[in-house]
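Hi,

Here is the model I promised to pass on. Have a look at it first, and my notes follow below.

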Amino acid sequence: MVSNHSACHNESMIDVEDALSKILSVFSTLSIRDANILEANGMVLAQDVISEINIPPLDNSAMDGYAIKHEDVNDATPKNPKTLRVVATTAAGDLPYSTLLNNESVRIMTGAPVPIGATSVIPFEDTSDNFKDKTSSDKNVLIYTNSETGKNVRKAGQDVTSGEIVLKSGTELHASHIALIASLGKAKVKVFRRPEVAILATGNEISEPGSSLNKGQIYDSNSYGIAAAVKEAGGNPSILGIAKDDFHSIEEKLNMCNKSDFVITSAGVSKGDFDIVKDVLSKNGSIEFHSVRMKPGKPLAFGMLQHNNKHIPLVGLPGNPVSALVAFEQFCRPAIRLMLGNKFSPRATIKAILDDEIRNPDGRRIYARAIVYKKNDVYHASLSGVQSSNILSAMAKANGLAICPENKSSVQPGEEVAVMMLYWPSEVF
Ligand code: AMP
Ligand code: MG
């Protein structure tokens with residue numbers, strides 16, 4: 001009887017990859033919208049960005065100095081300078097001076113358009129100009145060096161040419177991309193909208209931070225940890241509050257999520273008497289699986305919540321705060337990034353030498369909370385504290401999750417281990 005029960009129980013437990021592919025199969029990129037370029041920061045382009053202009057728009061000077069014809073100064077040296085007539089001064093924003101004749105020069109500032117007929121710019125340092133004296137009325141300047149075509153001239157279209165695809169659809173936009181789009185004169189871009197993610201805590205013992213705590217209660221850390229992780233992944237979190245461990249309380253709260261793209265609950269998915277999130281999901285939609293071969297994070301429900309004709313994916317994370325965050329990393333972050341338009345983009349995984357032991361008695365995939373550091377150019381990982389799934393402080397110290405595979409009964413100190421990086425603290429690397 002006992003062994004039958006346990007076999008049946010194991011059958012319903014699915015592998016991490018299986019769980020991930022089942023979850024990701026119901027998600028796709030969301031609708032496309034126009035976003036102001038600053039608002040688009042962190043979002044993903046839904047259309048190529050094509051320039052309608054040249055950047056820079058005109059040939060312009062890379063230096064403060066003199067625009068000249070380089071043939072005029074062929075043999076110039078400090079001992080044998082060449083005298084040129086100064087016919088104008090030009091600054092950024094001016095129209096190009098027209099037209100430079102032989103043995104003439106134009107005093108030119110950085111970014112100013114190169115005069116028509118000029119072929120290069122000689123920096124002040126290589127001339128007789130005391131460039132601090134902006135009111136100099138000298139009509140001549142001595143040039144102390146030769147030059148060549150194009151020297152110190154930034155060509156029109158050197159950065160971007162009109163008609164060019166500057167950024168490809170699918171690019172995640174960061175500061176440099178936003179600057180580039182602004183330089184094209186565009187105030188809006190087409191991006192995939194951010195997912196709206198509803199977050200629900202469940203449990204009679206759970207209480208709102210900021211309120212006073214009654215005996216036997218604990219504060220709701222899951223809603224806030226998950227909401228922060230949703231934000232970091234690029235979604236818009238909305239915290240629905242705390243449902244009691246009763247069917248109607250959970251059902252009522254879940255009825256509020258009909259506008260969401262994704263619902264994440266915590267707790268109430270394991271095998272206790274009051275673990276009824278699964279029941280609510282079955283009754284109000286369908287349940288795909290409720291147990292994953294991983295530690296922490298084994299009790300994890302996934303299904304579709306039905307609101308009239310709408311089906312909303314729901315991940316029921318475990319209640320233990322470490323389990324909730326670790327499972328979020330594996331399943332919810334990839335789903336959010338997929339909706340945002342990022343092709344599935346897992347966290348970077350590195351190889352490190354493990355300082356401690358990771359034990360794996362029952363063939364699950366272990367995600368041990370670890371501190372990765374570098375010693376003599378080699379990554380090491382030491383466990384960040386007690387590995388129980390309620391020890392949030394050890395999770396908060398960790399910068400990575402060291403992985404012991406399902407088929408390995410332990411990883412020993414000194415062995416190499418894969419670590420999924422959560423953060424890259426710059427003082428460590
Ligand atoms: P459960 O999955 O309901 O059995 O919960 C597992 C453990 O997680 C219990 O010790 C709960 O008290 C704890 N827990 C559940 N929800 C939260 C929450 N929102 N914040 C912090 N701890 C929680
Ligand atoms: Mg509970």
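How far apart do the C-alpha centres of domain 1 and domain 3 lie? They lie 68 Å apart. For orientation, the protein is divided into domain 1 (9-30 + 194-340), domain 2 (33-55 + 159-192), domain 3 (60-154) and domain 4 (349-428), with bounds that come from an automatic or database domain assignment.

Some housekeeping: this is a predicted model, where local features need pLDDT of at least 70 and side-chain atom pairs count only at pLDDT 80 or more, while totals for chains, interfaces and linings use all residues. Residues are numbered from 1 along each chain as its sequence is written, chains are lettered from A and ligands numbered from 1 in the order in which they are written, and side-chain values use heavy atoms, with hydrogens and water left out.

Now the ligand. Ligand 1 is surrounded by 17 residues (a residue is near if one of its heavy atoms lies within 4 Å), and the closest are Glu205, Asp220, Ser221, Gly319 and Asn320. By type, the shell divides into six nonpolar, eight polar and three charged residues; Asp, Glu, Lys and Arg count as charged, Ala, Val, Leu, Ile, Met, Phe, Trp, Tyr, Cys and Pro as nonpolar, and the others, Gly among them, as polar.

As for individual atom pairs, a polar side-chain atom of Glu205 lies 2.5 Å from an oxygen atom of ligand 1. Backbone N or O atoms come in too: one of Ser221 is 3.1 Å from a ligand nitrogen, and one of Gly319 is 3.1 Å from a ligand oxygen. Taken alone, ligand 1 exposes 490 Å², and the protein buries 76% of that (Shrake-Rupley method, 1.4 Å probe). Strand 12 (196-202) and strand 14 (218-219) are the elements that give two or more residues to the shell; strands here are DSSP runs of E, at least two residues, numbered from the N terminus.

A few backbone details to check as well:

- Ile55 and Pro56 are joined by a cis peptide bond, omega about -5°; Pro56 is in the loop between strand 2 (49-50) and strand 3 (60-61).
- Lys295 to Pro296 is also cis, with omega near 0°.
- Asn103, a residue other than glycine, has a positive phi near 65°.

Cheers

Terms used. A polar contact is a pair of N or O atoms within 3.5 Å; within protein, one must be able to donate a hydrogen and the other to accept it, and residues adjacent in sequence count only if both atoms are side-chain atoms. Helices (H or I, at least four residues) and strands (E, at least two) are DSSP runs, numbered from the N terminus.
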